[in-house]
Amino acid sequence: MLGQPVSIPGEFPNTVAASMKNNLVCVGTTGAVSGISCAPFSAERGLGQMDAIRSFDIGQTTPPIGPTNTVSQTFFSNDESMLFTTVKGDPAVNKTGFLSAFPVQHNRSGGSKLSRQEVRSSPQGTAVLFGSATLPGKRDSLFVTDASFGAAILSLNQKGEATVANAQAIDGQAATCWATIADATKSAFVTDVGANRLVEMSIEDASIISQLDLAANGDPGLIDLKSAGDFIYALSPGNGTTDAAVTVVDVSGGQGSMKMAQHFGLDGIASSTAQGMAVSL
């Protein structure tokens, strides 16, 4: 451990983003005290003190009741000049979700901090913004899933305000929630916690390129997924009856080439429930 743990001013932290360029780490919380707080970090000293929370005031409880009306994912832009956070709405009570954007500020001594001036937008047609991925080489576009219909590409202005450039409904979806972009295919892949399949989508217009039905491996659905090299790794969280598992999908053939390479059960490793996954290269 580097340094010491630090307290977070919010409640129920569920998403974190780190910027190596700015030596800044930001945490999203989604309980009764929800929002974004940040701290400096270094390889020598570890974490500094978290700053005061930038409140989202979504009217939640601790622990939160979801998955709607909760903070989804916080992440830095490709150039690390801005922090974005997706926040789900709740269509059942006509509550609108939004994309939050905070710019990174630099002081004369070379340090960085996150601005307290938020730009918030609710792109028309979106409702339950969830997983996100920055588009390679682009500062003004994001690929996002929306659990109410499928996925979209958002266009950003200089302030960080978002509008929908392209949207794509996914037939038969239960809740499209997570996304990753693969260098091997230059396309996005999304999962559904209620459907055991991978959907490949264009990062140009969000159209569906291909789908891979994984029902034969017995998993109830998929959540977190990561791309690395020629493979996609997708986590099935388990449901108390079926054990958690990781499905490895080969995409080495380029777009439209998905095929299952391995199904790795996590019995004895993550028991019957799991969440969160990372790939170490």
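Student: Which strands each supply at least two residues of the lining of the largest pocket?

Tutor: This is a predicted model. The largest pocket holds about 1400 Å³ of space. Its lining counts 50 residues, and those closest to the pocket centre are T15, S72, Q73, W178 and D224. The strands that each give at least two lining residues are β1 (13–19), β6 (71–76), β11 (129–134), β15 (176–182) and β19 (225–228).

Student: Which cysteine does a disulfide join to C26?

Tutor: A pair of cysteine sulfur atoms within 2.5 Å counts as a disulfide, and the count by this rule is 1. The S to S distance in the pair is 2.1 Å, and the partner of C26 is C38. The pair links distant parts of the chain, 12 residues apart, with C26 in strand β2 (residues 24–30) and, in strand β3 (residues 34–42), C38.

Student: What is the handedness of the disulfide of C26 and C38?

Tutor: The torsion about the S-S bond is what to look at here. For C26 and C38 that torsion is about 105°, so the disulfide is right-handed.

Student: Is C177 buried or exposed?

Tutor: Buried means under 20% relative accessible area. C26 has 0% and C38 has 2%, so both cysteines count as buried. C177 has 4% relative accessibility, so C177 is buried.

Key
Residues numbered from 1 in each chain as written. Predicted model: local features only at pLDDT ≥ 70, side-chain atom pairs only at ≥ 80, totals over all residues. Heavy atoms only, no water. Helix = DSSP H or I, 4+ residues; strand = E, 2+ residues; numbered from the N terminus. Buried < 20%, exposed > 50% of the residue type's maximum accessible area, 1.4 Å probe, protein only. 1 Å grid on protein atoms, 1.4 Å probe; cavity = no way out; pocket = protein on both sides within 12 Å on 5 of 7 lines; lining within 4 Å. Points joined across faces, edges and corners; volume = space filled by probe spheres on them.
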